[in-house]
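Open the model in your viewer and keep the selection panel at hand. The stops below say what to select and what to look for.

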Amino acid sequence: MTATKWALICPFFLILILHSLAIYLFTRGFLLARTELSSFSHCSDLSLSPCSIPSSSMHDFSSPGDHLPNVVGNSSGWTRPAISRLIIIIIDALRFDFLAPSSFFNEKKAWMDKLEVLQKLAAEEDMNSRIFKAIADPPTTSLQRLKGLTTGGLPTFIDIGNSFGAPAIVEDNLIFQLANNGKKVLMMGDDTWLQLFPHHFNESYPYPSFNVKDLDTVDNGVIKHLFPSLLKDDWDVLIAHFLGVDHAGHIFGVDSIPMIAKLEQYNTILEEVVQVLKNQCGPGDLHENTLLVVMGDHGQTLNGDHGGGTAEEVETALFAMSLGNPSTSVASALNSDYCHPDLNGKKMCIGTFQQLDFAVTMASLIAIPFPFGSIGRINPELYALAGSSFEVRNNCAETCGSHSNLDSWMMNYVNNLCLNSWQVKRYIDSYSTASVIGLPAKDLYYINTLYSEAQRSWPDIIKLAVSYENDIHIGINDNTTSALQRQVDAYSRFLASVAKLARSEWTEFNLKLMGFGLCIMLTSLSVHLFTIRRVNILCKSYYTFPCSSFSFFRVLTVIVFVAIRAVSFLSNSYILAEGRVANFLLGTSGILNLWSSFDSGTVTAEDLLFLVLTIIIRFGIESGMSKDTVGSGSLSSNSPGNIGIEKGYSLWMGLQEFLPIPALYILVILMCIYISRSSCWKCLKHFFIIGNILSYILMSVHWVLESNMIAAPEVLQYFGKTFAPRIIYSIGLLLFVLLALLVTVNKNDMFLVSKSTESLAIVTTGMLSAWSPTILILLGRQGPYVALVCVLGAWCIAKLKYAAQVDDGKGALTELISDPTPVLQWNLLAVCLFFYTGHWCTFDGIRYVAAFTGFEHFNIVQQGILLAIDTFGVSHIIPVMSLPFLVISKHQIFKKESSKGFLLVNLTQAFLMYGLITAVTTTLTIICVTIQRRHLMVWGLFAPKFVFDFIGLLLVDGLICVGSLFYY
Amino acid sequence: MKFLTMLQSSASISFSEINIVRKAALHLLCSLSLVAACWIAFRLYSWSLVTHTSETLGLLLIIQAPVVIGVYSLVRQDAQKTSYWRAVARGILGLPAGALVMAFGAIVLGAPIGSRYLKSTIYWSILMSLFTFVPPACFFGSSRVDWHRLLAHFRPKEPLDALVSLPAYGSVVGAWIGAWPMPLDWERPWQEWPICVTYGAVTGYLIGTLASSIVVLFQRPAHIKGD
């Protein structure tokens, strides 16, 4: 007997190993990070660059020949400093339409025009402030964006994996350069910064960012430190990172009262900040040469999600204000192409800004070496805002009468751009030698041509500069300007094509590894099929009656369904609609069942109930798409309009708060009935029943206290919120360990069961009762409904048409037992439940809220496990673990007792089929990712889908292995 | 009961060949009227399904319903026992019943619910009922055996079953396939419910009608010979 048992279990482990190997290889090839170079820029590198305009030509008052003028303090950068202090206020997930006036859009929405103070400043005539549309590069998650902003590069998808435990940046970056060049950096707000730059800040006030339920802690902390700091002079760069808008978006969505309140709060804060700065901007004052930048790190969709590459997520805003006296001529010469009348009818222009350019622009303004890996371009408009004022005012006021401000500014800008291009070229060169694959030779050649073309005319510019300095007019002014403009254009072309190349070619797919992985995956599929065939043959030996081979039509249907689902992953639209597709197929299979019931003459209630369940699931999936957070007060989903909470609404809210609890009790009663009905597991039964009832009582206590509807003493509140979930987790763990012990000791003796179906049912029930309380509490208030739907659905699938076919004789029975339809339905139901519980296959589809039931603080292991259980609990753990019920229900229709071996073989069949269905869909996802690897949405959609699928597959394989150890 | 069916089937076989050809021709008339209805909607009112969804569906219904009920009542199976008007009444009763079933099926498979779609959903399900439920209702009446035979066997055994079953299956399968382009992000107006589903159903129905006519006409000699 034992030999057979291990012979049945071994294939599961073989398949698990094959899948792991395949996915490991494929992932190594597909999710390969950009090679990070560990080189750093140094001040001394400047002597290597070809760019050196004799500095005296720039009306520099330091000694001639020294091209590193020390205008402010001990600055020693590559460029001439244009500002002395920099204030960066980051508002996480700032949508473009939060900042831009509503007249720029077709329709005014509730959340627009809330940051009025910035709009007013930007509309003022004196051109020292401006709003930009900032374009971020996907992936648009905060960590990746901060990395991109500070390194000036394009962080790749692989870093998302580190998003939880944000590792320090090893590449050259803005903050490193600031610290290295003696600039004092003050940071306050989101603690992600501190994880990225653990040792670089002079002073920092970090606040935990991970608890998305918390809208205010980070913001209040920032406000507390921001205003005192503005009046101090012990910093050069101040970074303040507000998180409220991001969290409000995640929890409530954009069109909600908390979001608008947050924006209004920021408006007041910014107004005060601007006031303080304006009071201090006189000559010699603290903020004489300060640049204020207010920016978002990325946008967000109306649901508050971000991470992908859609316009809403990528478009964020940047507001810059220079406090020095402005130079109108320069800024206005750089005409923006995106102008519109603002709210008061004044013409207002909005520039465009690539976030890629942020690092180098800031580095050149504040005069530090450009980060080595930066591939951006110094943004002329932003540079003009600050660069014009300082330079010209200090140096040009008396001397440069004959030259226009514009020319002198241009001269400086061209010089900076030359440095910029030289540094990018240096990076590209060292990258293509250091990296394994490098960049395509054709593109590299093109870039080299552009660079040398631009560099060829550089001596002319130097000549021009020299003559300029000596006040010899070699031509008319116009000529100077146009020569400079030509040079700027040449550099811009070069930098633009580098950025384009980097964007298109950055991720280095290792096609060999990917191919290997795919081949192993396909091999594993054939191993899977072979094993199923072997088990089928084994199964036939148990038949005591002449067996007809299983129904061709049913098998064909299953194959067609799996094929349709798998092939649908080739299109991004179907991936987005995966829940609906699965539900469509589930409904179709239900209708086919109904049809075959008609065929056999009796229609059972289960058939119809199953269809009704499909409708319920379908509405759940649809509402899950539009951010369904029960009890959060989200206005977008629950009530139209966004003003006021009516009386009926609060009643509705109350119902939503308390209805889950009766649903929970129904569930408990169902479970108790089921457990107590199976008579033969003695005292153990009471143990499981008590454990579960305790868990469910604690769960309802937790919900009641969490809803804040009942005024309870502080201690009780704390108990309900923190300890109740923890006790539930530990009860679950305890039951699981207990079950494992029992199974290892000796199953049959323990339960005193003679019937093998009975004993299998007991182990399965024990397993489910160990898992379900934890999963339910993590799912939150929707948990009981989900569980009810799941139980009913499972019951329908297990019972379907057996009653009808039981008298049909032996032939029908064999057909029944090897019928794969229930397994398919089980799988589809699991997929539907994944979406029904409000998950979807992107990283913001993870319900971060779940990680904080019972815990206040973030711990990578703890919260990671909780998140995994929440995400995969109801769609992977429960379905796989309850798969034996399908087999049991089939065997219960036998009048006489079937042998244990037969039962196990059938269970193996079910496990194998379930695994095969998951493996086939995952294989198609892998193929689709391989095909679409250059697709626009590969990082936004296909890659997350791939990650979810392969984790799901490995989990299913692992659970099947665990399950087989328990059940066999 | 079985004896009765045997009697009925032997009666239908004993019809002359011309009778069967006539039935097939009448049956083709339904698809012709459907095409004509589309043409009228397009030419006379310049409506199309995309721009005037519910109006076009309504027009199709108004033209198609009398034709289908009339034609299938004319070719009714138990012509000796049931009067023409009785068959018509059966068809009229079958219309809303079938529509309910069709609407339920559509909602199970994910048809949107809401006041915006209410009208077109109702029209669509009545149209589907015309394609699927009304013909057998007129043709067989409430004979349980015949209905069962129709549902149970995809490939019709009786020659005239094909006249009823193939178009019905065709339209259901067509509608099912027609739902697939809906989630695609092409942002075409015809991807809205129930436009592409209607296209699918009509195409399936036309194919089914054509196929059933061919099947009936070609199977006829073989069947008679066999008997």
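## Stop 1: a buried histidine

Select A:His891. This residue sits in helix H35 of chain A, which covers residues 883-892. The model is a predicted one, so local features are described only where pLDDT is at least 70. Is A:His891 buried or exposed? A:His891 counts as buried, at 4% relative accessibility.

## Stop 2: chain A as a whole

Zoom out and color chain A by secondary structure. Chain A has 37 helices and 9 strands. Its length is 968 residues, and 61% of them are buried. Then turn to the contacts between residues at least 6 apart in sequence. In chain A, 79% of these contacts join residues at least 24 apart.

## Stop 3: A:Asp45 and its neighbors

Select A:Asp45. Look for it in the loop between helix H1 (2-30) and strand S1 (85-91) of chain A. A:Asp45 has a relative accessible area of 10%, so it is buried. Which residues does A:Asp45 touch, leaving out those up to four places away in sequence? They are A:Phe40, A:Trp78, A:Trp422 and A:Arg426. Show the side chains of A:Asp45 and A:Arg426. A polar contact of 3.1 Å joins them.

## Stop 4: salt bridges

Side chains of opposite charge can pair when their charged atoms come close. How many salt bridges are there over all chains? The count comes to 14.

Start with A:Asp113 and A:Lys108. They form a salt bridge, with the closest N and O atoms 3.2 Å apart. The two ends can be compared by accessibility. A:Asp113 is buried at 7% relative accessibility, whereas A:Lys108 is exposed, with a relative accessible area of 55%.

Next, select A:Lys262 and A:Asp216. Their salt bridge has its closest N and O atoms 2.8 Å apart. This pair links distant parts of the chain, 46 residues apart. A:Asp216 lies in the loop between strand S4 (203-207) and helix H7 (217-230) of chain A, and A:Lys262 lies in helix H9 (residues 257-279) of chain A. A:Asp216 is partly exposed, with a relative accessible area of 36%. A:Lys262 is buried, at 3%.

Then select A:Arg565, A:Glu578, A:Lys945 and A:Asp949 together. Salt bridges that share partners join these residues into one network.

## Stop 5: where chain A meets chain B

Show both chains and select the contact between them. It takes 24 residues from chain A and 22 residues from chain B. Chain A and chain B bury about 2,000 Å² between them, and 70% of that is on carbon and sulfur atoms. How many salt bridges are there between chain A and chain B? The count is 0.

Now pick out the helices on the chain A side. Helix H20 (572-576), helix H21 (578-600) and helix H22 (605-625) of chain A each supply at least two residues of the side that touches chain B. H21(A) gives the most, with 10 residues. By residue type, the side of chain A that touches chain B divides into 13 nonpolar, 8 polar and 3 charged.

## Stop 6: the cysteines

Last, search for disulfides. Over all chains, the whole structure has 0. Select A:Cys10 and A:Cys961 to see one case. The closest cysteine sulfur to that of A:Cys10 is in A:Cys961, at 9.9 Å, and therefore too far for a bond. A:Cys10 counts as partly exposed, at 47% relative accessibility. Finish in chain B with B:Cys196. B:Cys196 has a relative accessible area of 4%, so this cysteine is buried.

Methods:
Residues are numbered from 1 along each chain as its sequence is written. Chains are lettered from A and ligands numbered from 1 in the order in which they are written. This is a predicted model: local features need pLDDT of at least 70, side-chain atom pairs count only at pLDDT 80 or more; totals for chains, interfaces and linings use all residues. Side-chain values use heavy atoms; hydrogens and water are left out. Contact means heavy atoms within 4.5 Å. Buried area is the accessible area (1.4 Å probe) that two parts lose on being put together, summed over both. A salt bridge is a side-chain nitrogen of Lys or Arg within 4 Å of a carboxyl oxygen of Asp or Glu. Helices (H or I, at least four residues) and strands (E, at least two) are DSSP runs, numbered from the N terminus. Ala, Val, Leu, Ile, Met, Phe, Trp, Tyr, Cys and Pro count as nonpolar, Asp, Glu, Lys and Arg as charged, and the others, Gly among them, as polar. A disulfide is a pair of cysteine sulfur atoms within 2.5 Å. Buried means under 20% relative accessible area, exposed over 50%, partly exposed in between (1.4 Å probe, protein chains only). A polar contact is a pair of N or O atoms within 3.5 Å; within protein, one must be able to donate a hydrogen and the other to accept it, and residues adjacent in sequence count only if both atoms are side-chain atoms.
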